[in-house]
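Try each task before you read its solution.

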Amino acid sequence: DPSSVSVIYWNDYGLVRTKADPEVGVVPQFEGHPMANRAAWMDSRTTGVSHLISAILALKPVLVVLADIDMLSRTIIAMRLRVSGVRVALRSDKNHLSGTANSGAKFWLERTVVRESYDVLAPVSRLTSEYYEWPDDKACIEFPYSTDETKFSPPESVVLAARKRIRELWG
């Protein structure tokens, strides 16, 4: 039910993204989305984490999903919300193949912080669950996003050639 969801964007560019997503190379367009009229924006350059947490708590949420926020801010937000009795999920696409994947002590610290800071993991794939070694006794809700197909698909020329062969085969 879209009326039971609120979205707060905490960034430096507003509700409409103008720069291309570095992973997919396109500017995401969300105009006309059912959530568009339930979204609020807080400028991360002038609004601190404490103010954001207060705004979230004012909504009296049952569950908060955090995504696209730097790790330190995200961890502070998660811990403060959990202390206030709010369940918190991390939406992440990080995995061992990511350009930002850690190793050694940094990897151990990241994995430990994530597992202790969140009630729910919302990975875009099982690779993320494996990266964090998410425990089986904690909630894990796969949260795929539409760029997966684009990101991992073969080049268009390969797809078109395959389609052509199928059409020729089946008439």
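Of the 171 residues of the chain, 29% count as buried (under 20% relative accessible area; exposed is over 50%, partly exposed in between; 1.4 Å probe, protein chains only). This is a predicted model, in which local features need pLDDT of at least 70 and side-chain atom pairs count only at pLDDT 80 or more, while totals for chains, interfaces and linings use all residues. Residues are numbered from 1 along each chain as its sequence is written, and side-chain values use heavy atoms, with hydrogens and water left out.

**Exercise 1.** Find how many helices and strands there are in the chain, and in which order the elements run.

*Solution.* Start with the DSSP runs, numbered from the N terminus: helices are H or I with at least four residues, strands are E with at least two. The chain has six helices and six strands. Read from the N terminus, the order is β-β-α-β-α-β-α-β-α-β-α-α.

**Exercise 2.** Work out which residues of α1 are buried, and why they lie on the same side.

*Solution.* First, pick out the buried residues of α1: Val49, Leu52, Ile53 and Ile56. Next, look down the axis: these residues cover an arc of only 100 degrees (taken from the directions from the helix axis to the C-beta atoms), so they sit on the same side of α1. Then turn to the face away from the buried side, which carries the exposed residues His51 and Ala58. Finally, ask what the buried residues pack against: β1 (7-11), β2 (39-43), β3 and α2 (contact means heavy atoms within 4.5 Å).

**Exercise 3.** Describe the largest nonpolar core and say which element gives the most to it.

*Solution.* A nonpolar core is a set of buried Ala, Val, Leu, Ile, Met, Phe, Trp, Tyr and Cys residues joined through side-chain atoms within 4.5 Å. The largest one has 22 residues, and Trp10, Leu66, Ile77, Leu81 and Tyr118 have the most contacts inside it. Elements that each supply at least two residues include β3 (63-66), α2 (71-83) and α3 (104-117). With four residues, α1 gives the most. Now zoom in on Leu66: beyond its neighbours within four places in sequence, its contacts include Ile77, Val88 and Tyr118.

**Exercise 4.** Where is Lys60 found, and is Lys60 buried or exposed?

*Solution.* Lys60 lies in the loop between α1 and β3. Its phi is near 55 degrees, a positive value in a residue other than glycine. At a relative accessible area of 71%, Lys60 is exposed.
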